[in-house]
Amino acid sequence: MTNFQKNQGFVRRFSSEAQRESIEYDVVIVGAGPAGLSAAIRLKQLCSEKDVDLSVCVVEKGPEVGAHILSGNVFEPRALDELLPRWKEEEAPVNVPVSSDKFWFLTKDRAFSLPCPFDNRGNYVISLSQLVRWMGIKAEEFGVEIYPGFAASEILYDANDSVVGIGTNDMGIAKDGSKKDTFQRGVELKGRVTLLAEGCRGSLSEKLVKKYKLREKGHAQHQTYALGIKEVWEIDESKHKPWCCSAHIRMAFGSENIWGVISVPYER
Ligand SMILES: Cc1cc2nc3c(=O)[nH]c(=O)nc-3n(C[C@H](O)[C@H](O)[C@H](O)COP(=O)(O)OP(=O)(O)OC[C@H]3O[C@@H](n4cnc5c(N)ncnc54)[C@H](O)[C@@H]3O)c2cc1C
């Protein structure tokens, strides 16, 4: 039984008690995306290399690992080769190598083929969500405790203002703020090390960046963003080419806007 399960009475306990449970780990990781899970796996690998045992937990706000990771991805496998070199034998869902790239300029009713600036040979077309699920299973095999359905909602500090963990959000609160029958107090997960792997613009990461002035101290560039939309299209099977990535650009006439589309085919 894991530390967390012991503290939660094995199944989630619904109570109205105000006091939060506090659970201690060596490393608390926020976010079960590629970054959080890779870090958790690597830590456990180092533990077995050095014959030490560190408790590592990962909290993920999605109801299951991979639930918040949008599918469709051109994947460069070098990092996976380094982290889990046996990924092919261990049936990672990385099966469709890219064999051609296409680059199109679209007008209202025509498509012009252009020389392609990309070269994705050696890369794969994958569902990142499926890969992350597989990584979650691997992490658990290494002894990482993963808790989906728990969002880290606050940073915990000690008296010296150092980060000592995170607090998960209370659950079972009605829209009017009252506690439902299912109310469950969040928990404190304390770690000797807390690692935030929330993805871009993580809410806790943003707070820490501001609080400790990390951008100024690291002379870091401010983050830049572009608007992106991801859609999943179901297409006629006869048009499905699982190995072909294509990029499209389109200029909206009369304006300076140029937008691009990257199509990544993958199978259900
Ligand atoms: C539209 C789009 C297309 C992309 N296409 C490609 C591509 O083709 N190839 C490629 O290599 N990369 C691609 N990327 C980039 C790739 O998705 C990211 O680099 C990668 O997902 C980053 O991994 P991460 O673990 O840092 O963050 P994420 O993948 O964002 O994972 C963060 C995880 O943390 C969880 N989380 C966040 N906050 C909390 C919290 N407070 N408490 C608990 N859990 C939390 C989230 O639910 C999520 O599961 C694309 C990205 C986008 C947006």
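Author: Strand 3 and strand 7 (residues 124–126) run antiparallel and are joined by three bridges. This is a predicted model, in which local features need pLDDT of at least 70 and side-chain atom pairs count only at pLDDT 80 or more, while totals for chains, interfaces and linings use all residues. Residues are numbered from 1 along each chain as its sequence is written. Strands (E, at least two residues) and helices (H or I, at least four) are DSSP runs, numbered from the N terminus; two strands pair if DSSP finds at least two bridges between them.

Within this pair, Phe75 stands opposite Tyr124 of strand 7. The two strands belong to an open sheet of three, in the order 3-7-4 and with antiparallel pairing. Strand 3 and strand 4 (96–97) are its edge strands, each pairing on one side only.

A second open sheet has six strands, ordered 8-2-1-13-10-9, and its pairing is mixed. Strand 8 (145–148) and strand 9 (152–157) stand at the edges with a single partner strand each, so one side of each has no neighbour in the sheet. From one strand to the next, the twist averages 40° (axes are lines fitted to C-alpha atoms, for helices over the stretch in contact, and angles run from 0 to 180 degrees between N-to-C directions).

In this second sheet, strand 1 (residues 21–30) runs parallel to strand 2 (residues 56–60), with four bridges between them. Val27 has Val56 of strand 2 as its bridge partner, and Val28 has Cys57 in that strand. The chain passes from strand 1 through helix 2 to strand 2 in a right-handed β-α-β crossover; right-handed means that, with the strands pointing away from the viewer, the path from the first strand over the helix to the second runs clockwise. Strand 1 is also parallel to strand 13, through nine bridges, and Ile23 has Leu189 of strand 13 as its bridge partner. Helix 2 (residues 34–50) lies across strand 1, strand 2 and strand 13 (187–196), at about 170° to strand 2. Contact here requires that the C-beta atoms of two residues, placed from the backbone, lie within 7 Å.

As to confidence, the chain averages a pLDDT of 86, and 84% of the residues score at least 70; pLDDT is the predictor's confidence in each residue, from 0 to 100. Over residues 9–16 it stays under 50. Where pLDDT is low, predicted coordinates should not be read in detail.
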